[in-house]
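Work through the exercises below with the sequence and the 3D structure at hand. Try each task before reading its solution.

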Amino acid sequence: MRASGILLPVSSLPSRYGIGGFTKEAYDWIDFLKKSGQTFWQILPLGHISYGDSPYQPFSTIAGNPYFVSLDDLIERGLLTREECDEAQLGTNPSYVDYGKQFENRYPLLRKAYAIDKENDQSGFEAFVREQADWLPDYALFMAVKDLHDRKAWYEWEEPYKKRDPETLAAARISLADDISFHEHVQYWFMTQWVKLKAYAQEQGIRIIGDVPIYVAIDSADAWVNPQLFQFDEDLNPTSVAGVPPDFFSEDGQLWGNPLYDWDYHKKTGYAWWIGRIRHASEIYDVMRFDHFRGFDEYYAVPFGEETARKGKWMPGPGMDLMRAIQENVDGIEIIAEDLGIVTDSVRDLLEESGFPGMKVLEFAFDSDSENAFLPHNFENPNCIVYTGTHDNETLFQFISNTTEEIREHIKNYMNRYWDTYEQLCDNMVRLAMLSIAKYCIIPIQDYLHLGEEARINRPATLGGNWEWRLVPGQADDSLADFIRNITKVSGRLPKEEAAEETNQPKETKAADDTDQMKETKTADDTDQPKQEKTEDDTEQP
């Protein structure tokens, strides 16, 4: 089935309270996808983010981000007042998330809501706690003990807490019972709201593609509760951590710092932890994207304590053994493999044997010769997903602006299409992706809007300024939906029932110079931005 979708993180949705979430604007976004003729909404991980604000470094592989809980919903339920929320100072810039204000001012609101909700009928909440008993009590205890320790990382706690002394934890469950219940309630609100939003998406024919990060954060409930799953020593310090090696672009490599899995232990358990994790993900998402797929074939291990990634080495991963265990034990899942970066023959073999579609990124297609695997004529099999770019890359407009004139000419000649502006070149590259043989095509919304550097989601290997960009109300309007629908129809990617209903009358299209609803972007002669090269760290950051 040929289909298409749009990439937009939940945090990037418009909303009244400083960050996107499960609010009316999320339902409006799904309506926009429907009007645009799309089948997929691709999002980033929904996890409870920690320091650095990255959804790829959450406090739990399963728990949801409290910032996404709709305050409007809590107001409607009588748990908060409009005045309390309006006075909370959750951020004043509609284009960017202020994570500091979210952390400082949203949690007091959630605690106010909890103080009222815990006095209400608890039957639904209690059923939720029972259903999530395999992870929720441990996660809530982890968060409560973290609060007790001024939010320090678990490996900095006193020894009885750090090493999970049974008597100490039993006493904590009593003394911290109210804090534990608070964190459980937040997850109940999160899941209740998400299930409702996802059901609405399904009613509109929209499927959710969600990311599954390969690694967990070292300061996570997963690492604290199950240290045996990781390469830890007797004092619960990592023996090796994740990263990528030095290359032409990075002489020190990248030191990510995530704890590495003890794959021998996982194999002995029949990969039970992974199977449970993927089962939970299958309830949250319709399709999963496995982040850093290469790490399942081989992973780069850096000795703990090293300041750079220079002294790491490649080690064998679980390969098809894990993929087979997942496929045999989790029903009805669809998986996309993020097979970017340096791809070896063994990774290609793993991808082929698994049957998972890999990824093709057009921003990587034009910096070499006609053999480049990302050029559409080299897509050997429709079983792949094509993107103009991902959340880790420059926006398409930024890429076109920053690249060389030689590469821009290469793009023009490849498509045999002339253009006067960077906006037209963006539209042509989107069309190239949509017309490719790839079964699915996913376009970041920024690329339809011709947004530049100001709208980039993430700059790998940098701290601060990431994960902040948001749509503003009115950017995704009806004229843009008509434009996207027309490209979707021409490329044969409309849902079947909608394609059957479409007439042969051409849809109104967006003119190349129609940018009234778009943010101000750079012009073709604005070359003051330095060129930003594609590097391995643009694709392998977990």
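**Exercise 1.** How many bridges join strand 1 to strand 12, and do the two strands run parallel or antiparallel?

*Solution.* The model is a predicted one. Begin with strand 1, residues 3-7, and strand 12, residues 440-444. They are joined by 5 bridges and run parallel.

**Exercise 2.** Which strands stand at the edges of the open sheet?

*Solution.* Write down the strand order: 9-6-3-2-1-12-11-10, which makes an open sheet of 8 strands with parallel pairing. Then read off the ends. Strand 9 (335-337) and strand 10 each have a single partner strand, so one side of each has no neighbour in the sheet. On average, neighbouring strands of this sheet are turned by 25° against each other, direction ignored. Finally, look for a helix on the sheet: helix 12 (residues 272-284) packs there and touches strand 3 (207-212) and strand 6 (287-290). The direction of helix 12 makes about 135° with that of strand 6.

**Exercise 3.** Are the rings of W135 and Y139 stacked, edge-to-face or tilted?

*Solution.* A pair of aromatic rings is described by the distance of the centres and the angle of the planes. The whole structure holds 39 aromatic pairs. For W135 and Y139 the centres are 5.9 Å apart and the planes stand at 50°. Planes under 30 degrees apart count as stacked and over 60 as edge-to-face, so this pair is tilted. W135 is buried, with a relative accessible area of 8%, and Y139 is buried too, at 1%.

**Exercise 4.** Where do F366 and Y414 lie, and how many residues apart in sequence are the parts that this pair ties together?

*Solution.* The pair is edge-to-face, with 5.6 Å from centre to centre and 75° between the planes. F366 lies in the loop between strand 10 (358-361) and strand 11 (384-387), and Y414 in helix 17 (residues 405-415), so the pair ties together parts 48 residues apart in sequence. Buried means under 20% relative accessible area; F366, at 2%, is therefore buried. Y414, at 27%, counts as partly exposed.

Conventions. Residues are numbered from 1 along each chain as its sequence is written. This is a predicted model: local features need pLDDT of at least 70, side-chain atom pairs count only at pLDDT 80 or more; totals for chains, interfaces and linings use all residues. Side-chain values use heavy atoms; hydrogens and water are left out. Rings of Phe, Tyr and Trp (its six-membered ring) pair if their centres lie within 6.5 Å; planes under 30 degrees apart count as stacked, over 60 as edge-to-face and the rest as tilted. Buried means under 20% relative accessible area, exposed over 50%, partly exposed in between (1.4 Å probe, protein chains only). Helices (H or I, at least four residues) and strands (E, at least two) are DSSP runs, numbered from the N terminus. Two strands pair if DSSP finds at least two bridges between them. Axes are lines fitted to C-alpha atoms, for helices over the stretch in contact, and angles run from 0 to 180 degrees between N-to-C directions. Contact means heavy atoms within 4.5 Å.
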